[in-house]
Amino acid sequence: MADMPIPHGSSPNDTAPDLSTVWLRVFLEVARHGSFTVAARVLGWTQSAVSRQVSSLEGALGGAALFDRLPRGVRLTEAGRVLVPYAEAVVASLHGAVRELTALREVAGGRLRFGAFATADAALVPQALAAFRTRHPGVRVSREEGLTPALLNRLASGHLDLAIVSTTGGVPLEPYELHHLLDESLYVAVPTGHPLVGQGPVRLAQLADADWISGSDRPEGTLLDAALRQGFRPRVAHVVAEWTAKEGYVAAGLGVTLVPSLAAGAVRPDVTLLPVLDEGAPARAVYAATVRGRSLSAAGAAFVGVLREVAARNSAAGRPCPPGRIS
């Protein structure tokens, strides 16, 4: 490793004195009041204790007197006058650090950087974010949107404090600390005149011969994994990435598509949602993910708590309540 450069005017043997911040605080009180006695009263100490602190500071600084002792009180020496602004800067910096650390602990300041996948932004994230900002307006919040793999990469690289992710896609989640938010059920979005409307919950196998609209031409790693688990490979007729565009294709009678419960609240009114029978494990789980072994800030922990509150409240209320009909 290369030698560190030596500041101009310094020698390799120069070392900063080992000063106690208590000494500096006592020094400033004496300088402010011009009296050991008054400083002792303000600090709640004895006069002899104040005198010892000042003597210790003078010794650490090479023995130069910081005060002239007068018949009544004390007066700063030239050395004392030089020290005052430096002592004030140190004490002010420490006070600032304490204020910021207190704000972090009380979630009254600091920052929160999080990411979420698109369907979580339909209701869960905006509701949680609104509640969080009401409770903690001093926290600086930034948000990103992306697919689960990209969000986890951003999380691992330190660009995000937490990521709202799902189990869709088969991305390994073991390296992360997972804070469970909810388990999602699925709906099939069909045109309003579809033959299955009015017959209650459906099995996906009942739609094995349908044309499907999906964000990928392959079902693997998408919500259509649920169809593979039920023994058939859906025929993807149209690859459409955006949710509202998928619904437009459905409304036009061009196929059907899967809609997770997080996105069901935004379904258009000319589309009907058919609940999919839960045959075993839920379609997917949603988590707030953090990096295992990396401390989560107080703001991050508070946001996870709010996310859980919103998820639980919506589940208890039977939400979502989509404008599209649920058959």
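Biologist: Which residue in β11 is the bridge partner of Val190?

Modeller: Two strands count as paired if DSSP finds at least two bridges between them. In β11, the residue that bridges to Val190 is Thr272. β7 and β11 run antiparallel and are joined by five bridges. β7 also pairs with β10 in the antiparallel sense, over four bridges, and there Ala189 has Thr257 in β10 as its bridge partner.

Biologist: On what basis are these positions numbered and judged?

Modeller: Residues are numbered from 1 along each chain as its sequence is written. This is a predicted model, in which local features need pLDDT of at least 70 and side-chain atom pairs count only at pLDDT 80 or more, while totals for chains, interfaces and linings use all residues; side-chain values use heavy atoms, with hydrogens and water left out.

Biologist: How many helices and strands does the protein have?

Modeller: Helices (H or I, at least four residues) and strands (E, at least two) are DSSP runs, numbered from the N terminus. The protein has nine helices and 13 strands.

Biologist: How much of the protein is buried?

Modeller: Buried means under 20% relative accessible area, exposed means over 50%, and partly exposed lies in between, with a 1.4 Å probe and protein chains only. Of the 327 residues in the protein, 41% are buried. In β7, six of its six residues are buried.

Biologist: Which residues of the largest nonpolar core touch the most other members?

Modeller: In soluble globular proteins, nonpolar side chains tend to be buried together. A nonpolar core is a set of buried Ala, Val, Leu, Ile, Met, Phe, Trp, Tyr and Cys residues joined through side-chain atoms within 4.5 Å. The largest one here has 30 residues, and those touching the most other members are Val188, Leu204, Trp212, Leu258, Val259 and Leu273. Two or more residues come from each of β7 (186-191), β8 (211-214), α7 (225-229), α8 (243-251), β10 (257-260) and β11 (271-275). The most come from β7, which gives five residues. A second, separate core has 28 residues, among them Val107, Val139, Ala299 and Ala302.

Biologist: With which residues is Val259 in contact, leaving aside its neighbours within four places in sequence?

Modeller: Contact means heavy atoms within 4.5 Å. On that basis Val259 is in contact with Ser185, Leu186, Tyr187, Ala189, Trp243, Ala264, Val267 and Leu273. For the protein, 71% of the contacts with a separation of 6 or more are between residues 24 or more positions apart.

Biologist: What is the strand order in the open sheet of five strands?

Modeller: The order is β4-β3-β5-β12-β6, with mixed pairing. β4 (140-145) and β6 stand at the edges with a single partner strand each, so one side of each is left without a neighbour in the sheet. Direction ignored, neighbouring strands are turned by 20° against each other on average. Within this sheet, β5 (residues 162-166) and β12 run antiparallel and are joined by four bridges, and Ser166 stands opposite Val286 in β12.

Biologist: Which helix packs on the sheet?

Modeller: Axes are lines fitted to C-alpha atoms, for helices over the stretch in contact, and angles run from 0 to 180 degrees between N-to-C directions. Helix α6 (residues 148-156) packs on the sheet and touches β3 (111-116), β4, β5, β6 and β12. The direction of α6 makes about 155° with that of β5.

Biologist: How many salt bridges does a search of the whole structure find?

Modeller: A salt bridge is a side-chain nitrogen of Lys or Arg within 4 Å of a carboxyl oxygen of Asp or Glu. The search finds 14. In one of them, Arg81 pairs with Glu78, with the closest N and O atoms 2.7 Å apart. Both lie in helix α4 (residues 78-105), three residues apart, about one turn of the helix. Arg81 is partly exposed at 45% relative accessible area, whereas Glu78 is exposed at 51%.

Biologist: Which parts does the salt bridge between Glu177 and Arg292 tie together?

Modeller: The closest N and O atoms of Glu177 and Arg292 are 3.4 Å apart. Glu177 lies in strand β6 (residues 176-184) and Arg292 in the loop between β12 (284-291) and α9 (298-316), so the pair ties together parts 115 residues apart in sequence.
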